[in-house]
Amino acid sequence: TPDRFHQVEEDFKAGRVSAKNLSNKQKAVFLDRDGTINKYVGFLRNINDLELIDGVAEAIKKINASGYLAIVVTNQPVIARGEVTFQELEEIHNKMETELGLQGAYLDAIYYCPHHPVHGIGAYKKVCNCRKPGTGMFEMAEKDFPVDRAASYMIGDKRIDAQAGKNFGVTGVLVGTGYGAKEHAEDRAAGLIKEDGSCPAGGYDAYAETLLDAVRGILGGRI
């Protein structure tokens, strides 16, 4: 589209295109999916239940414009449980990317774990390294993009999301959408939140109410 052409032109002038040359280390914002990008509805089985959280497209658009990669890493045990096929999951992700694209945002990559250690069928019932808080999906991404871990982030609505990021060596951020507000309140009630907002016991370095708030904090140097 003309808008996308002008955005690429602006990116080129700002040096973001050369910065994303894969011969250079890449800053990345890793993103959880359910409860972080789309509204949490339990196990998302029906494509019609996919609905973006308000402000998410703006947040990802800011990531795109900043020169960070926007990479989704999501546990999808619905595959292991036999409730969603790989084709259906791809269709859900296509819809998510289309809805983001209509608002001028895009994802650089999506990685998912199809396994579950207990509730699974056949080969997908297994203990794996890709299921968060394991780091397998991050390592897959690192094979495709030379990630600058020290300058990268993981944002999600569960402690295990942030902990997975920290296990990989990036900054972990918990957001209050999905499960996050409840988990953060539990940690605060237990006296686990430090003065700087971090919660080492909970596995996260920072907390923000929404993905947009988190991205603003990252780009503003507050996270």
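Reader: How do β5 and β6 pair, and over how many bridges?

Author: Strand β5, residues 171-175, pairs with β6 in the parallel sense. The pairing runs over 3 bridges. Keep in mind that this is a predicted model.

Reader: Ok. Which residue stands opposite Y207 in β6?

Author: That's L174.

Reader: And which helix packs on the sheet there, touching β5 and β6?

Author: Helix α9, residues 211-219. Besides β5 and β6, helix α9 touches β1 (28-31) and β4 (153-156). The direction of α9 makes about 160 degrees with that of β4.

Reader: Zooming out now. How many strands form the sheet, and in what order?

Author: There are 6, and they form an open sheet. Read across, the order is β3-β2-β1-β4-β5-β6. The pairing is parallel.

Reader: Which are the edge strands?

Author: β3 (109-113) and β6 (206-208). Each of them pairs on one side only.

Reader: What does the twist average from one strand to the next?

Author: It averages 25 degrees.

Reader: Let's go to β3. How many bridges does it share with β2?

Author: β2 and β3 pair over 5 bridges, in the parallel sense. One spot to look at: N75 stands opposite C113 in β3.

Reader: Which residues of β3 are on the covered face, and which on the uncovered one?

Author: A109, Y111 and C113 make up the covered face. I110 and Y112 are on the uncovered one.

Reader: Why every other residue?

Author: Because side chains in a regular strand alternate between the two faces of the sheet.

Reader: Which helix touches β2 and β3?

Author: Helix α5, residues 86-102, packs on the sheet and touches both β2 (69-75) and β3. The direction of α5 makes about 145 degrees with that of β3.

Conventions. Residues are numbered from 1 along each chain as its sequence is written. This is a predicted model: local features need pLDDT of at least 70, side-chain atom pairs count only at pLDDT 80 or more; totals for chains, interfaces and linings use all residues. Side-chain values use heavy atoms; hydrogens and water are left out. Two strands pair if DSSP finds at least two bridges between them. Helices (H or I, at least four residues) and strands (E, at least two) are DSSP runs, numbered from the N terminus. Axes are lines fitted to C-alpha atoms, for helices over the stretch in contact, and angles run from 0 to 180 degrees between N-to-C directions. Contact means heavy atoms within 4.5 Å. Buried means under 20% relative accessible area, exposed over 50%, partly exposed in between (1.4 Å probe, protein chains only).
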